[in-house]
Amino acid sequence: MSIRLRPPADGDVARLVALEHASRRRYAVHGGALAWVAGMPAMAPERFDRGETVVADAVDGTPLGYVLLEPLDGLLYIVGIAVAPEAGGRGVGRALMAQAEARASAQRLGGTSLATFREPPWNGPWFRRLGYVPLPEHRIGPGLAAVLARHAGFLDMATRETLWKSRAPAAGDAT
């Protein structure tokens, strides 16, 4: 699938919120203990005012997904990633994650981090296939600790995991 990555444009936020809400439907279809996630509210529009958003578009300009990034504790934290249901399995998420990793490298951050569900297959298992591993406890800084504490207020943390991927040193990095 041919996609184009770009920063958000005026009017995109409402479309991205709707895209995220649509992407959550797969939890209901999958069923199991996380089916309730399908009914959770989408990310608040004002959340897109913080950090950096990368949008993935189809050739015709239709948004197919996004990733929202925020520097946090020396890493680039993936606040959220969503892919339109009709674009699932076509490389959109992989392209967004590659862009997140490139942004971490460009900012000379230590890598990327995220908090996700251990299951279903499009959460923890998918990120692990991309090379993400559990974030060591000693790497969890105060910013990420605050995010995880907020999550603990409405999520069962036994179903969650915090993952990261260290960035490869770039040319010109101090050794």
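**Close-up 1. Thr162 is a buried residue of this predicted model.** Its relative accessible area is 16%. Burial is called below 20%, so Thr162 falls on the buried side of the cut-off. Thr162 belongs to strand E7. Which residues does Thr162 contact, leaving aside its neighbours within four places in sequence? They are Leu114, Ala115, Val133, Pro134, Leu135, Leu144 and Leu148.

**Close-up 2. Seven strands form an open sheet.** The order of the strands is E1-E2-E3-E4-E5-E7-E6. Their pairing is mixed. Strands of a sheet pair through backbone hydrogen bonds, and the pairing may be parallel or antiparallel. Which strands stand at the edges? They are E1 (3–6) and E6 (133–134). Each has a single partner strand, so one side of each is left without a neighbour in the sheet.

**Close-up 3. Strands E2 and E3 pair in the antiparallel sense.** The pairing runs over 6 bridges. Look for Thr53, which stands opposite Leu68 in E3.

**Close-up 4. Helix H3 lies across E1, E2, E3, E4, E5 and E7.** Strand E4 covers residues 75–83, and strand E5 covers 111–117. H3 runs at about 165° to E4. The helix has 15 residues, which at 1.5 Å a residue should span 21 Å. H3 is followed by Arg108, whose phi is positive, near 55°.

**Close-up 5. H3 has a set of buried residues.** Which residues are they? Val92, Gly93, Leu96, Met97, Ala100 and Ala104 are buried. They cover an arc of only 130° around the axis, so they sit on the same side of H3. An α-helix has 3.6 residues a turn, so residues three or four places apart point the same way. The buried residues of H3 pack against E1, E2, E3, E4, E5 and H4.

**Close-up 6. Glu70 and Arg47 form a salt bridge.** Their closest N and O atoms are 2.8 Å apart. The pair links distant parts of the chain, 23 residues apart. Glu70 is in strand E3 (residues 63–72). Arg47 is in the loop between helix H2 (25–30) and strand E2 (52–58). Are Glu70 and Arg47 buried or exposed? Both are buried.

**Close-up 7. Arg103 and Glu52 form a salt bridge.** The closest N and O atoms of this pair are 3.0 Å apart. Arg103 is in helix H3 (residues 92–106), and Glu52 is in strand E2. The two are 51 residues apart, so this bridge too links distant parts of the chain. Arg103 is partly exposed, with a relative accessible area of 25%. Glu52 is partly exposed as well, at 27%.

**Close-up 8. The side chains of Glu161 and Arg128 meet in a salt bridge.** The N to O distance is 2.3 Å. Glu161 lies in strand E7 (residues 160–166), and Arg128 lies in helix H4 (residues 124–129). These distant parts of the chain are 33 residues apart. Glu161 has 10% relative accessibility and counts as buried. Arg128 has 35% and counts as partly exposed.

Close-up 9. How many salt bridges does the structure hold? The count is 10.

Note on methods: Residues are numbered from 1 along each chain as its sequence is written. This is a predicted model: local features need pLDDT of at least 70, side-chain atom pairs count only at pLDDT 80 or more; totals for chains, interfaces and linings use all residues. Side-chain values use heavy atoms; hydrogens and water are left out. A salt bridge is a side-chain nitrogen of Lys or Arg within 4 Å of a carboxyl oxygen of Asp or Glu. Helices (H or I, at least four residues) and strands (E, at least two) are DSSP runs, numbered from the N terminus. Buried means under 20% relative accessible area, exposed over 50%, partly exposed in between (1.4 Å probe, protein chains only). Two strands pair if DSSP finds at least two bridges between them. Contact means heavy atoms within 4.5 Å. Axes are lines fitted to C-alpha atoms, for helices over the stretch in contact, and angles run from 0 to 180 degrees between N-to-C directions. The expected span of a helix is 1.5 Å times one less than its number of residues. The arc is that of the directions from the helix axis to the C-beta atoms.
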